[in-house]
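Colleague: Could you walk me through this one, starting with the sheet? I have the sequence and the model open.

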Amino acid sequence: METATKAAARTLSCRRLLILDDDALVGKTIEFIAEDAGFSARFVSDQDAFLALVESWQPSHIVLDLIMPGVEVTDLIKRLGQLGCRARILIMSGAGQGMVDAAVGFTTQNGLDLAGVLPKPFSRRALFDMLVAEHERSG
């Protein structure tokens, strides 16, 4: 039988959002919106810090910007698959539809769970509604 403490920890772990974006303003904005939607959220702009948190913090959800200087997102997606990442992935991009479609395909081909696509620029309301729906789905 599960103790109340273990149940609470499991519930909290179901509501963790990790954000990887090279733009601190965008990352912090998503972090605040996620917290309003009931998530514990962390923003990082560094790929190594991101991967360390994927393993140590074990987020339930990840927002991943497709275009970041010095980051090959396909390699990062592949690494998430190799790590057995179980987080639902939200791809964020201002790139063309072809690049987004390729990333979506690559995400699922690597065994990752795609939550959706968030176009840049995004509206606060659209992101909030998407996160609330994810929160309710996981809770």
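Colleague: What order do the strands of the open sheet have?

Modeller: The open sheet of 5 strands runs in the order S2-S1-S3-S4-S5 with parallel pairing, where strands (E, at least two residues) and helices (H or I, at least four) are DSSP runs numbered from the N terminus, and two strands pair if DSSP finds at least two bridges between them. Its edge strands are S2 (40–44) and S5 (113–119), each of which pairs on one side only.

Colleague: And what should I know about where the model comes from?

Modeller: It is a predicted model, in which local features need pLDDT of at least 70 and side-chain atom pairs count only at pLDDT 80 or more, while totals for chains, interfaces and linings use all residues. Residues are numbered from 1 along each chain as its sequence is written, and side-chain values use heavy atoms, with hydrogens and water left out.

Colleague: How many bridges join S1 to S2?

Modeller: S1 and S2 run parallel and are joined by 5 bridges, and isoleucine 19 has phenylalanine 43 as its bridge partner in S2. S1 (residues 16–20) also pairs with S3 in the parallel sense, over 4 bridges, and there the partner of isoleucine 19 is valine 63.

Colleague: Why is S1 called largely enclosed?

Modeller: Because 4 of the 5 residues of S1 are buried, the strand is largely enclosed by the rest of the structure; buried means under 20% relative accessible area, exposed over 50%, and partly exposed in between, with a 1.4 Å probe and protein chains only.

Colleague: Switching to the core, which residues have the most contacts inside the largest one?

Modeller: The largest nonpolar core has 24 residues, and Leu18, Phe50, Ile62 and Leu80 have the most contacts inside it. Such a core is a set of buried Ala, Val, Leu, Ile, Met, Phe, Trp, Tyr and Cys residues joined through side-chain atoms within 4.5 Å. A second, separate core of 17 residues includes Leu17, Ile33, Met92 and Leu127.

Colleague: Now aspartate 65, is it buried or exposed?

Modeller: Aspartate 65 is buried, with a relative accessible area of 3%, and its place is in strand S3 (residues 61–65).

Colleague: Which side chain does its side chain make a polar contact with?

Modeller: The side chain of aspartate 65 makes a polar contact with that of lysine 120, at 3.1 Å. A polar contact is a pair of N or O atoms within 3.5 Å; within protein, one must be able to donate a hydrogen and the other to accept it, and residues adjacent in sequence count only if both atoms are side-chain atoms.
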